[in-house]
Amino acid sequence: MRKKTFVLVIIALVAISFTSTAQKVDRTSFKGGVHAGLPVGDASDFSSFSLGVDLGYHWGVSELIDAGIVTGFINAFGSEVEYTEGPITVSGDFGDIQFIPVAGALRLYPSYDFKLGADVGYAVGINEGNDGGLYLRPMMGYNITGSTELNVSYINVSNDGNFSMVALGVLFLF
């Protein structure tokens, strides 16, 4: 009987020590920020750079995982392109390319300050002739302060072709 009581007391003390040292981290919050990007691949042929706004709401699923919804606005500024073949030169201006992403978000926190994640959904094309497409945005982020994040992401919108860019952003938690 003494042995059972001793074992139960030890188990209870270990359980209490784990629960008292474990910290509940609730990252449920509204997030808003801005990003600037450089088009890569085919997008660099008709766009010079982009600016965007990011909005989202994340729920803390566990201490290591957040899930949420995100949206925003992306404007890739069109560029002037000049093509020369022999004595003939042709130039043209490409218009701005604009998207409104609507996506789900998942974030993994290997540490409090560092995060990995991805947004997956659909980017609605809002300029003329832009059908939008599948939206994929893997990212890495670093918490500068408790309410400010610096992140790097790769944004890809694919339909018949791909519109891709590498972006640097700042995100604020409210």
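Which residue in strand 8 does Asp 119 stand opposite? Asp 119 stands opposite Arg 137.

The model is a predicted one, in which local features need pLDDT of at least 70, side-chain atom pairs count only at pLDDT 80 or more, and totals for chains, interfaces and linings use all residues. Residues are numbered from 1 along each chain as its sequence is written, and side-chain values use heavy atoms, with hydrogens and water left out.

**Strands and pairing**

The protein chain holds one helix and ten strands, in the order α-β-β-β-β-β-β-β-β-β-β along the sequence. Helices (H or I, at least four residues) and strands (E, at least two) are DSSP runs numbered from the N terminus. Of the 174 residues in the chain, 34% are buried; buried is under 20% relative accessible area, exposed is over 50%, and partly exposed lies in between (1.4 Å probe, protein chains only).

Strands count as paired if DSSP finds at least two bridges between them.

| Strand pair | Sense | Bridges |
|---|---|---|
| Strand 7 and strand 8 | antiparallel | ten |
| Strand 8 and strand 9 | antiparallel | nine |
| Strand 9 and strand 10 | antiparallel | eleven |
| Strand 1 and strand 10 | antiparallel | ten |

Strand 8 and strand 9 form a hairpin with two residues between them, and Thr 145 stands opposite Thr 148 in strand 9. Strand 9 and strand 10 also form a hairpin, with three residues between them; the bridge partner of Ser 153 in strand 10 is Ala 167. Strand 10 pairs with strand 1 (residues 29–40) as well, and Pro 39 stands opposite Met 165 in strand 10.

**Nonpolar surface**

A nonpolar surface patch of about 1000 Å² includes Leu 106, Phe 114, Met 140, Tyr 142, Leu 150, Tyr 154 and Leu 168. Strand 6 (97–108), strand 7 (114–125), strand 8 (133–145), strand 9 (148–158) and strand 10 (162–173) each give two or more residues to the patch. Patches are made of residues with over 30% relative accessible area and no salt bridge, with like charges joined within 9 Å and nonpolar side chains (Val, Leu, Ile, Met, Phe, Trp, Tyr) within 5 Å. A salt bridge is a side-chain nitrogen of Lys or Arg within 4 Å of a carboxyl oxygen of Asp or Glu. Accessible areas come from the Shrake-Rupley method with a 1.4 Å probe, and for residues only the protein chains shown count as cover. Met 140 lies in strand 8 and counts as partly exposed because its relative accessibility is 45%.

**Cavity and pocket**

On a 1 Å grid over the protein atoms alone, a cavity is a set of points where a 1.4 Å probe fits but cannot get out, whereas a pocket is an open set with protein on both sides within 12 Å along at least five of seven lines; lining residues have an atom within 4 Å of a point. Grid points are joined across faces, edges and corners, and a volume is the space filled by probe spheres set on the points.

A search of the whole structure finds one cavity of 30 Å³ or more. The largest cavity has a volume of about 180 Å³. Of its 17 lining residues, the closest to the centre are Asp 54, Arg 107, Asp 119, Arg 137 and Leu 171. The largest share of this lining, four residues, comes from strand 2.

The largest pocket has a volume of about 320 Å³. Its lining has 17 residues, and the closest to its centre are Phe 99, Asn 130, Asn 159, Gly 161 and Phe 163. Strand 6, strand 9 and strand 10 each supply at least two residues of the pocket lining.
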